Structures are given as C-alpha cells and as structure tokens.
Amino acid sequence: MTKPTDVRMTGPLTGYARDFCDELAAKHYTPLSAANQLRVMAHLSRWLAGEGVDPRELSAHQVDRFLHARRRAGYTCWLSVRGLTPLLAYLRRLEVVPQPASRSPSTPVDRLVDEYAAYLRHERALADTSIRFRQEVARAFLSATTGDGLALRRLTGQRVTQYMLGAFRGYSVGSAGLLATGVRSLLRFLHLRGHISALLMGAVPKIAGWRLTSLPRVVEPEHVERLLDHCDRRTAVGRRDYAILLLLVRLGLRAGEVAALRLEDIDWRLGEIVIHGKGGREDRMPLPADVGDALAAYLRRGRPSCEGRTVFVGSRAPHRALTSAAVSSRVVWASIGAGLAQRIAAHRLRHTAATAMLRRGSSLDDIAQVLRHRSTATTAIYAKVDRDSLRSLARAWPGGAP
C-alpha cells in the first residue's frame with residue numbers, strides 16, 4: 001500500500017507537503033486516503049510550476065483551469081472543487097493561496113433577497129434551513145412579478161394573486177401552504193421596510209385544507225425488528241446505525257434532533273438525555289436502558305476520535321457531524337438492506353414510536369409529552385389508529401346487521 005511519504009512532490013507546494021500530511025493524519029485519514037490527497041497536491045504543484053502561476057494567484061478561475069487540465073490528462077478522481085476542499089482549506093489557512101472571493105449580489109433582486117435573509121435571521125430568528133427556503137420563494141416571486149430590474153411599483157394585489165394561482169399548480173396542500181406563508185412573509189417585510197406602500201398579504205389566497213385528515217404511516221413491529229437486525233453491530237458503522245434507529249423508534253426523535261445530539265447531552269448518572277428540538281427548545285427525557293447500551297457501545301467501540309462534540313459523526317475522515325439528511329439516509333439504507341418492500345423514512349419511525357405507546361395503553365397526553373408536541377391537537381391524529389377504542393364509539397347502521 002502506498003504511504004503518504006512515498007508521494008513525490010515538486011513545484012512551489014513542496015515545502016507544505018509534510019505539514020499537510022501531518023494534518024491529514026491528525027484528522028484520522030487512512031494512509032491510502034492521505035496518499036491520494038498528497039497526489040492531488042503534487043499534481044497541483046506541478047501544474048502551477050508548468051503554467052508559471054504563483055500560488056498566490058490561484059483564483060477560482062485558475063482552479064477551474066487546473067481541474068480542466070486534470071480531466072484532459074485522464075484522471076478519474078478529484079475532478080471538482082469539492083474534491084480539492086481539504087487541500088485548498090489547508091493552503092488558505094496558511095495564506096499560501098488567496099481566500100475565495102466573496103459573492104456580491106449581481107442584480108437588484110439578489111440584493112433585496114440578501115436584505116430579506118438578514119431580516120429573517122436577526123429580527124425573526126429563523127433557522128438557516130427556513131431562511132434558505134424563504135430566499136428561494138422570494139427570488140422566484142420577485143423575478144416573476146417585478147423582473148430582474150426589481151420594478152416594485154408593478155407589484156399589485158391582482159399581480160400577487162395571479163402569480164400565486166399559477167405557482168400553486170402541482171403542489172400538495174401542505175407544500176402550497178408553505179409557499180403561501182413564504183410569500184406573505186416577504187410582502188410583510190417589503191411593507192415594513194418601505195419598499196411597497198400597500199399591505200398586500202391579503203392578496204395571497206388561503207389554502208383550502210384540513211388538518212389531521214390522514215392516518216399516520218407506521219412501520220409494523222416485525223419490520224422494525226428487521227431494520228434493527230440489519231445493523232451489523234460487529235462493525236463501527238453498524239453500532240452507530242443501530243443507536244440511531246433505537247433513538248428514532250424508542251424515543252420518537254426527529255432526524256434533526258438525533259443529528260444535534262452532543263456528548264454532554266447524555267447524563268449517564270441520572271439516565272437522562274437532553275433533546276434539542278424545534279425553535280431552540282430543550283427537553284430532558286429518560287434514557288431507556290437499551291438505548292443507553294446502544295449509545296455506549298457506539299461511543300466506546302465505534303465513534304472515531306475527532307474534534308467535534310456531536311455524538312454521531314461520519315465514518316470517513318475528516319469525520320464531520322452527521323446532518324439531519326444523513327441521519328434520514330441511514331434509515332433509508334437500512335430499509336433497503338433489510339429487504340423491505342418500501343423505503344422507510346425517519347419520520348415514520350416517530351409515528352411508529354407514538355403508535356407503539358398507544359397500543360401499550362399510553363394516553364394521548366403521555367404521547368404528547370414524549371413527542372414534545374406544543375399542542376395536544378397535534379397528537380390527536382394518533383387516536384385514529386386506536387381502532388379498538390374507536391370501534392366502541394361506532395353506532396350500528398340503521399337497518400344493518402346487529
């Protein structure tokens with residue numbers, strides 16, 4: 001196997017190779033992965049020398065030229081800017097190469113959307129994911145109704161209504177509601193900041209929909225067992241995924257709450273766990289013994305050593321914290337590996353946890369506390385799956401069988 005120290009280096013980056021190799025080792029890159037990163041560094045160094053480019057001139061344009069040359073030379077790996085991220089981050093930190101140029105808003109719409117995002121972040125305290133969604137809604141709305149020149153004088157109630165009726169096509173009731181909320185938020189911002197004189201929020205049509213009309217989709221107990229059994233707890237990844245699945249199905253956590261879990265959130269003495277929920281809310285919950293055992297097994301013999309404090313991290317160097325999407329993907333891959341007919345989403349395990357509690361005799365108030373619902377009305381949907389209790393309320397059909 002090639003070692004990082006075996007990679008030959010020439011050109012202007014030669015003097016930085018040893019320290020870069022040490023940094024990769026500190027971030028727990030395997031020798032092979034570190035050697036591959038050094039090979040990319042060696043190629044970049046040779047290219048800089050051959051093109052007569054000083055490292056301090058390695059702009060985004062020059063990086064694109066290097067990647068183009070790399071593809072033309074027949075290389076099949078590390079052909080994108082993302083593949084160069086570890087190397088460029090190291091060189092930028094040492095100020096060997098320039099920092100990436102900050103993006104400046106290129107159009108009036110871009111500038112207004114950036115102003116709107118700052119308002120949402122600092123005055124409305126929205127989460128980054130919500131801000132990004134509303135930015136997309138705002139950019140599409142403004143471009144369609146005012147043009148790239150941002151002619152806000154063209155924004156009338158009729159124009160808003162026409163846009164929304166066209167935008168709603170193909171959306172579900174829930175998605176249409178989110179879109180309408182985003183546009184109302186933007187119109188409120190435009191009025192507050194004096195960009196428009198009229199209050200146009202009322203021009204956004206209301207969405208005809210009823211809450212709690214569907215049944216929660218749950219995973220049957222035998223399928224839950226197959227999901228858990230699929231995790232090979234002889235491996236580090238298997239122990240990690242097993243702990244993730246138990247947190248979802250036993251405590252009814254959301255994927256984002258699993259991803260946000262930190263080492264200090266687990267109180268081993270008291271047998272409690274702190275959950276970071278929606279809107280910055282924190283709740284302490286009892287830690288079931290089997291979930292605690294799974295977490296301890298992963299932390300002792302699965303979690304790689306890294307600087308971060310999140311419980312769940314990636315298995316490959318540089319071992320970044322798992323995101324909410326990554327947690328969800330682990331559930332999907334477990335359902336595929338277990339041979340289930342349908343792919344299982346993480347939120348279905350939350351429904352499964354609630355339904356299991358209901359079948360064991362827990363009240364809706366108890367379930368609301370475990371799921372940390374702000375309103376018990378949200379928990380009422382689980383009453384629909386309690387068929388035995390509902391059957392006792394049903395009246396006989398007139399003229400039907402007794």
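Modeller: Strands here are DSSP E runs of at least two residues, helices are H or I runs of at least four, and both are numbered from the N terminus. Keep in mind that this is a predicted model, where local features need pLDDT of at least 70 and side-chain atom pairs count only at pLDDT 80 or more, while totals for chains, interfaces and linings use all residues. Residues are numbered from 1 along each chain as its sequence is written, and side-chain values use heavy atoms, with hydrogens and water left out.

Colleague: Which residue is the bridge partner of Ile 275 in strand 3?

Modeller: That's Asp 283. Strand 2 and strand 3 run antiparallel and are joined by 5 bridges.

Colleague: And how many bridges join strand 1 to strand 2?

Modeller: There are 2, again with the strands running antiparallel. Two strands count as paired if DSSP finds at least two bridges between them. Ile 266 stands opposite Ile 273 of strand 2. In the hairpin of strand 1 and strand 2, 4 residues sit between the strands, and Gly 271 takes a positive phi near 65 degrees.

Colleague: What order do the 3 strands come in?

Modeller: The order is 1-2-3, in an open sheet with antiparallel pairing. Strand 1 (266-267) and strand 3 are at the edges with a single partner strand each, so one side of each has no neighbour in the sheet.

Colleague: Back to Arg 284. Which side chain does it meet in a salt bridge?

Modeller: Glu 272, with N to O at 2.9 Å. A salt bridge here is a Lys or Arg side-chain nitrogen within 4 Å of a carboxyl oxygen of Asp or Glu. Arg 284 lies in strand 3 (residues 282-286) and Glu 272 in strand 2, so the pair ties together parts that are 12 residues apart in sequence. Glu 272 is partly exposed, at 25% relative accessible area. For the cut-offs, buried is under 20% relative accessible area, exposed is over 50% and partly exposed is in between, using a 1.4 Å probe and protein chains only.

Colleague: How many salt bridges does the structure hold?

Modeller: It holds 16. One of them joins Arg 254 to Glu 257, with the closest N and O atoms 2.5 Å apart, and both of those residues are buried. Asp 128 and Arg 121 also meet in one, at 3.9 Å, N to O. Asp 128 is partly exposed at 45%, and Arg 121 is partly exposed at 38%.

Colleague: New topic: which residues have the most contacts inside the largest nonpolar core?

Modeller: Leu 245, Leu 247, Val 258, Ile 273, Leu 295, Phe 312 and Leu 349, out of 41 residues in that core. Such a core is a set of buried Ala, Val, Leu, Ile, Met, Phe, Trp, Tyr and Cys residues joined through side-chain atoms within 4.5 Å. Several elements supply at least two residues each, including helix 10 (236-251), strand 2 (272-276), helix 12 (289-301) and helix 14 (346-359). The largest share, 9 residues, comes from helix 10.

Colleague: What is Leu 245 in contact with, leaving aside neighbours within four places in sequence?

Modeller: Leu 227, Leu 228, Cys 231, Val 331, Ala 334 and Leu 349. Contact means heavy atoms within 4.5 Å. Apart from this core lies another, of 33 residues, with Leu 142, Met 164, Ala 176 and Phe 189 among them.

Colleague: And Asp 293, buried or exposed?

Modeller: Asp 293 counts as exposed, at 54% relative accessibility, and lies in helix 12. Its C-alpha atom is separated by 8.6 Å from that of Ala 243, 50 residues apart along the chain.

Colleague: Last one: which residues of helix 1 are buried?

Modeller: In helix 1 (residues 17-26), they're Ala 17, Phe 20, Cys 21, Glu 23 and Leu 24. They cover an arc of only 160 degrees around the axis, so they sit on the same side of helix 1; the arc is that of the directions from the helix axis to the C-beta atoms. These buried residues pack against helix 2 (31-51) and helix 4 (85-93). The face turned away from the buried side carries the exposed residues Arg 18 and Ala 26. Just after helix 1, His 28 takes a positive phi of about 70 degrees.
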